Amino acid sequence: MLRFALRRLLSLALTLVAASLIIFVAIEIVPGDPASYMLGLNAQPETVAALREELGLNVSKPQRYFNWVGGMLRGDFGTSYTYRTEVTPMIADRLLISLPLALYALLLSTLIAFPAGVIAATRRGSGADLAVMGSTQIGIALPNFWFAMLLVSLFAIKLRWFASGGFPGWDTGLFAGLKALTLPAIALALPQASILARVMRSSLLDTLGEDFIRTARAKGLTARQALWRHALRNALIPVLTIIGLQFSFLLAGAVIIENIFYLPGLGRLIFQSLTQRDLIVVESVVMLLVFAVVLVTFLVDVAYAIVDPRLRRK
Amino acid sequence: MTSRSLLQIDGLRLSIGEQPILHNISCSVDAGKVLGIIGESGSGKSMTAYSIMRLLPQGAVVSGSIGIDGDNLLDKSEAQMCEVRGDDIGMVFQEPMTALNPVLTIGDQVAETIRIHTSAGRREALSVAHRVLERVELPPGKYPLSRYPHELSGGQRQRVVIAMAIALKPRLLIADEPTTALDVTTQAQILSLLKKLVQEDDMGLILISHDLAVVADIADDIVIMREGVVVESGTVRSVFAQQTHAYTRQLFKASSYQPERSTITNVDDNLLVVDNVSRDYRLPRTSFFSKPGYFRAVDRVSFTIRRGENLGLVGESGCGKSTLTRVILGLDPCQQGSIVLDGEPVVAGQAMLRDTRKKMQVVFQDPYASFNPRHKVGRLIAEPLHLVDQSLNTKDRAELIVNTLLSVGLEASDAEKFIHQFSGGQRQRIAIARALITRPALIILDEAVSALDVSIRAQILDLLSDLSSAHTLSYLFISHDLSVVRSVTDRVLVMKDGKIVEQGETEAVFTRPSHPYTKRLIAAIPELPVTD
């Protein structure tokens, strides 16, 4: 098991190196000069030269790559051109919102999807199954920004249970912070939960049809015991895959929801930096997201191996 | 019937939805005795077992009585049945590969039976499991309780399933085709294990099988079923001796069926020459920097097939039979040696001449899985025609399809049907038609009759024999079923661990095997008692 994890870690490191090279090549080399790109068409040559100096573009390309990677390893992502501040604390601030929001949404989605999927699978064809299948169909089809606006008009404007947007900061207390994230988390969780519930249902239905469930029943297990002891764990592999994909998506893909709720998260940061051509920030955030995706993939791989002993060998 | 039986089934009827499955089944099992239930697919033998366990599909309606020590199981509630299953009645299934939960250790799975029915804790249950696994000859010293099912072979897994079923010494054990998926030597071991457990625990055993010879070996009483009806029952001796019912006689005849075959005339005409062929598979690297290892699946194999000859290839699973087939067909490259078909070399990939390719075809075990379900039969069997050089016009093509269908005993109108509209035997005829359409010289039959019921098998063997004489076909007949190989081949190869350990005239090999492995194989074949 330890060997397995170490081997996965090695391939994780290699993936990161490859990703950093691709990002570097794509952003810094291919379109020509980053400084003139960032300053736009009408920039004065002196301004461009000054920015080149400031960005450290006057050294060789390999040197620049190592400077960039070395900086990141020390936790220094450089200085944002548009905001004129250090990128590292800026990202850290945004992450303090985006990471809890993603985890919150994922937790909600899992808490909704698991019971819904299990109920639908064990009572296949019943009213409960139809209800789950119907509502998840709607959940997948609804655009989440529209659903978010519905939530705001009901819970924030009409009932006044929640604020309609903004984030008070974690220093106002855990509860206040979580409360501000609740509506956005629900809006994000709905489509994810719908997908997850359907995956859970079909995976569990497959497993319940397996021979070893019949063997378990022949040993004297009740249908419920066979479900809990034998079916669920075997049904988990495709579900874990989806959860891993969903977390990566939630971390950076919440840009529309962040905009609706005025949340200063990572998604908004990357969107703003792109429109302002702040390549330093873009580069850093993209690298951070790659790291997050690779890390989540690693965790999902380890979870696979915990769930299924057959996957521990290779 | 003087003493009351352990299990007494009276007037059992079962229907699922509108479909009647079992009609008025009656039989009984005594403690310490073995009841064999024989029947072909669809006879209702498995459904009888599931009726006893009350593990029937939704919508099943049962009536009659299934008495165990005077208690009618059909009167019990589901909760009461859960107490009966695993404690009073154990069950063993056909597919050991899928009958175990892949994510739990074998120790935990055997211990579960004990923990469900007794108050034993995990530690205590595991120590009972330890003893039970020893009883089924899977000593935990060699196969620790912490093993997972994928770390065991098919026969070992079946022992685990048996251990789960007998852990609490049930009074009745039901074994549904327990050895059908196993090799012949493993089959013999599992059957003798079952027999031993029956005697030691004074347990009743219901052994369900399609194979008369398997049941003949160990059963005391026998029930022969067909289409949900018991056609004949009694002691093995009396049923085998009298064969009162026509179906019983038909079953016996089909079980040891020997098709009429013409012997080949020209002995020097070699069609296929396999010379010193080896096939290596690359193993996954053990670490990032180590060199990949190799596994030799076929090891310096040499043999020839003459024109019109039937050559048998036997061996247990994993011996390299299928790999050898792939190499001969040119689907896999060989790392050493050469294969020559009708004077032309066989090589993997595009390099082989189309004309050589069309001279050999293959028929697989599972005809359903090897056809595209969305194509009509006409298109399915015409698929190899692209190998035939002269481009056929539509009319000639249709005529060829019809003639080929007729030659395998199907109708011309069958070309317009889909594969799911046919029975297993008919599907295998279609597979043979597909192989036949290019007028090949060699057909490789890879377990081609293994999945068929005995009476259907006899018909297919007849068909193969007729086709062989009509078209001077050679067959490479690959099977784990040695008695079939014996009845249809001229010569036989015995394969073990990638090597041919013995080859010769079929009768000579079967009557005077020289290699110890061949002797073991032949000794393990279950045999029908001579009844005439």
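These legends go with close-up views of a predicted model.

**View 1. Chain B is divided into three stretches by its domain assignment.** Domain 1 covers 7-255, and domain 3 covers 369-439. Domain 2 is pieced together from 308-332, 342-359 and 441-525. Between the C-alpha centres of domain 1 of chain B and domain 3 of chain B there are 40 Å.

**View 2. Six strands of chain B make an open sheet.** Reading across, the order is β6-β7-β8-β3-β9-β10, with mixed pairing. Because β6 (89-92) and β10 (229-235) of chain B each have a single partner strand, one side of each has no neighbour in the sheet. From one strand to the next, the twist averages 15 degrees.

**View 3. Here we look at the pairing of β9 and β10 in chain B.** These strands run antiparallel, and six bridges join β9 (residues 221-226) to β10(B). One pair to look for is B:D221 with its bridge partner B:T235.

**View 4. Helices α5 and α6 of chain B lie across strands of the sheet.** Helix α5 (residues 154-166) lies across β6 and β7, running at about 170 degrees to β6(B). Helix α6 (residues 184-201) lies across β3, β7 and β8, at about 155 degrees to β8(B).

**View 5. The second largest pocket holds about 1100 Å³ of space.** Its lining has 30 residues, and those closest to the centre are A:T122, A:L208, A:R217, A:A223 and B:Q58. Helix α10(A) gives the largest share of the lining, five residues. Sorted by class, the lining has 17 nonpolar, nine charged and four polar residues.

Note on methods: Residues are numbered from 1 along each chain as its sequence is written. Chains are lettered from A and ligands numbered from 1 in the order in which they are written. This is a predicted model: local features need pLDDT of at least 70, side-chain atom pairs count only at pLDDT 80 or more; totals for chains, interfaces and linings use all residues. Side-chain values use heavy atoms; hydrogens and water are left out. Domain bounds come from an automatic or database domain assignment. Two strands pair if DSSP finds at least two bridges between them. Helices (H or I, at least four residues) and strands (E, at least two) are DSSP runs, numbered from the N terminus. Axes are lines fitted to C-alpha atoms, for helices over the stretch in contact, and angles run from 0 to 180 degrees between N-to-C directions. Contact means heavy atoms within 4.5 Å. On a 1 Å grid over the protein atoms alone, a cavity is a set of points where a 1.4 Å probe fits but cannot get out, and a pocket is an open set with protein on both sides within 12 Å along at least five of seven lines; lining residues have an atom within 4 Å of a point. Grid points are joined across faces, edges and corners, and a volume is the space filled by probe spheres set on the points. Ala, Val, Leu, Ile, Met, Phe, Trp, Tyr, Cys and Pro count as nonpolar, Asp, Glu, Lys and Arg as charged, and the others, Gly among them, as polar.
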